[in-house]
Structure formats: structure tokens, C-alpha cells
Amino acid sequence: MADDSQEWNDTTTLAAKLPTVSQANFNLTTTSVERLVYIVIYSTVFVVGLIENSISLWVFCSRMKTKTISSIYMLNLAVADVGLILTLPLRITYHILQSHWPFGEIACRITGFLFHLDLYSSVYFLTCISIDRYLAIVHPVRSLNFRKVRYARIISATVWVTAILGTFQLAVTAQTLKATENTTVCLQLYREKPSLYASGALIIGFLFPFLVIICCYIRIIRHLQSYRRLDYKHKASRMIFTVLTVFLVCFLPYHITRLLYVIVANQQLKSTSTMEVLAILNRAFFCLASINCCLDPVVYFFVGENFKESLCKKNAWKTTTECETRTSSSTNRANNVENTVFD
């Protein structure tokens, strides 16, 4: 899933032979407005995302007595988000210093590695949640044999191993570049170099999971047409809308821009102005992709009934009576299948 870092190594080796501007002209943010926008967005994501995901981890680890398949996937998703969030202060400092990276080579590698690790693990954990919802709603009986918590843990471990192997190259190759005498660029922050790895990331890391999610939700919508209970349909609709929003807002624009960049960059007659526009869009949508750290907890709230109930029970702004009422109504649902679907 990682880009071809060897090309960046070649650039570093030939640094003395190239003009300083061309070494990083697609990696430096060139305007104060652009830098300010990134600083504001990353700072907001850091504060809001850290609070949301800390609460989520607290609920998953300490307050949720019964572990479900969905909660296993959501817990792993929250862990991935926290890993990315903790690197955002470095990225914010980079923009405050006008595209200068003062933290050294190792920090640059870790920052890029954790971003791509979160990006693709988030995509796959959301895909796992969608597949699980499809099985629970469309095949509630036949899927009982393999919809088990221990299988969810195995699948989660597989997702982590796959994501780590796909992005590990980013953590073991040189990623900093001396742009000017006083400016060092961290190439990991905005990787725009077209390569075979970039194309693979688009297909394996986004396109395939996105198509799987679309197919799952189309089948769910068709299946729910036969249901008369409006509350059941509304819950499923909220689930579908929430997950698709994360994909459409955070992941789709970034990957479309990367695809266009790869296509244009591989053309022999490419316009410099076109490449600059695509580079700006790539940086902007790269920043937008980090917002998934704030939107993922919304998925937990709308997809997991157990998460919602556990959060309600322990929150100071909810009265005991309100929580007991919600818990009682949830426990006494007439439809047992619904307990399985929205866990």
C-alpha cells in the first residue's frame, strides 16, 4: 500500500544536482493561507479526536461488559485513530515553521507510517463492520456459526498484519530531504510520487473495500424493504449513512486525487500548472482524510447499541432513570434478531 520509497531515495542522492525548489515544490505548502487552514484543521482534529477516541477506548475497555463482534472491530478502529492523532502535533509544527521539519528522520518515518497505517486499517475495519452488518441482517441464522467474537479477533489481527506489511516500507527507508539550507522537508507528510505501489494502494487499499461496502449495503437495503418496522429500518439507514459518509468525505476525494496525479504524472506531455493544482488538491484532501478520526466515534454511536448503552450508563449528564429506561427498553426488545444486528 506504500509508495515506492526508492524513488525518493534517488532524489535524496541527487539532491546536490537539482535546484532547491524542484526538490520539494510539490511537498512544500506555498501560501500562508494554505498553511493556516491545515493548522486549524489538524488542531481541531487533534483536540476533538483525542477526546472522542479516549472516551471510546474507555467505554470499550472498561465499561462494556459484553464483547460483541462490532465492538471488537470498533476497538481496533479507535486504537488506529489514536495512533494517528498523536502524530498531529508534529504535523502542525511543520506548518507553523513554514514547511520545515525539525524533528529528524525517525519522527518523519513514524508520522507517515502511522498515517497510512490508520488510513488503510480504518478502511478495512469499516469494511469488516459492514460485512458483519450484512451477515447479521440478511443471513441472521446461517451466519451464527461463524459470526463469533474469537473469529472477529482473528480477522482484526489479520487486518493489522496486512496494513503493517503494506506500509512497513515507509518506516524503513529515508524520507527527509534538504530543500534549502534552512529547510528540511519530510516527504512522508504529502507523498505524491507516482509509482506501482501508489496504484496498488488505490486498488487494494480503497477501491476493493469500497465496492464491498457498496454491495453489502445494497443487499441490506433490498432485504429491509420487506420489513414493516420503521424503527428497525431507521437504525439500519443511520448505520449505512454514517459509514458511507466517512468513506465519501474522508477517503474518496483523497484517492480520486491520487489517481488523477498518477495518471497525469505518467504522461510524457504533462503541464506543470496541472501538476501543481493536483499537488494542492492532494495536500488538501490528505488533510481532509484525517477527519475520519473524529467521524469514526460517530460510527460507534450509531452502529453499536451496546456502545451507546454503556456510554449512557456512565455519563454524568445522563440521569440514572434515563439510563435505566433505555437499558430496560433495549433488553426487552420483542425481536431477538434485532439484538444481534445492532450490537
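Reply: A crossing is called left-handed if the near helix is turned anticlockwise from the far one by less than a right angle, and right-handed if the turn is clockwise. Please keep in mind that this is a predicted model. Here, helix 3 passes helix 4 in a left-handed crossing.

Me: At what angle do helix 3 and helix 4 pack, and how far apart are their axes?

Reply: Two packed helices are described by the angle between their axes and by the distance between those axes. For helix 3 (residues 32–63) and helix 4, the angle is about 145 degrees and the axes are 9 Å apart. On the side of helix 3, the contact is made by Phe46, Gly49, Leu50, Asn53, Leu57, Phe60 and Cys61. Helix 4 contributes Ser71, Met74, Leu75, Ala78, Val79, Asp81, Val82 and Ile85.

Me: Leucine 77 also lies in helix 4 (residues 69–85). Is leucine 77 buried or exposed?

Reply: A residue counts as buried when its relative accessible area is under 20%. Leucine 77 is buried, because its relative accessibility is 0%.

Me: Which residues is leucine 77 in contact with, leaving aside its neighbours within four places in sequence?

Reply: Those residues are Ser122, Phe125, Leu126, Asp296 and Tyr300. Leucine 126 is 49 residues away along the chain, yet the C-alpha atoms of leucine 77 and leucine 126 are separated by 8.1 Å.

Me: Why does the span of helix 6 agree with its number of residues?

Reply: The expected span is 1.5 Å times one less than the number of residues. Helix 6 has 34 residues and should therefore span 50 Å; its end C-alpha atoms are 49 Å apart, which agrees. Helix 6 is also mostly covered, with 29 of its 34 residues buried.

Me: Which residues touch the most other members of the largest nonpolar core?

Reply: That core has 60 residues, and Ile220, Phe247 and Phe251 touch the most other members. Its largest share, 15 residues, comes from helix 6 (residues 105–138). A second, separate core has 9 residues, including Ala107, Leu177, Ala179 and Val185. As for isoleucine 220, it touches Arg133, Tyr134, Ile137, Val138, Met239 and Ile240, when residues up to four places away in sequence are not counted.

Me: What does UniProt list as "transmembrane region"?

Reply: The unreviewed UniProt entry lists residues 36–60, 72–90, 110–131, 151–172, 197–218, 239–263 and 283–303. Such a record can be set beside the model. The span 72–90 is 89% helix and 0% strand, and its end C-alpha atoms lie 30 Å apart. The span 239–263 is 100% helix and 0% strand, with its end C-alpha atoms 35 Å apart.

Me: Where is glutamine 175 placed?

Reply: Glutamine 175 is in the loop between helix 8 (169–172) and strand 1 (176–180). Its relative accessible area is 0%, so glutamine 175 is buried. Glutamine 175 and cysteine 186 are 11 residues apart in sequence, and their C-alpha atoms are 6.1 Å apart in space.

Terms used: Residues numbered from 1 in each chain as written. Predicted model: local features only at pLDDT ≥ 70, side-chain atom pairs only at ≥ 80, totals over all residues. Heavy atoms only, no water. Core = buried A, V, L, I, M, F, W, Y, C linked by side-chain atoms within 4.5 Å. Buried < 20%, exposed > 50% of the residue type's maximum accessible area, 1.4 Å probe, protein only. Helix = DSSP H or I, 4+ residues; strand = E, 2+ residues; numbered from the N terminus. Contact = heavy atoms within 4.5 Å. UniProt positions renumbered as here; feature names shortened; annotations may be inferred. Axes fitted to C-alpha atoms, helices over the stretch in contact; angles between N-to-C directions.
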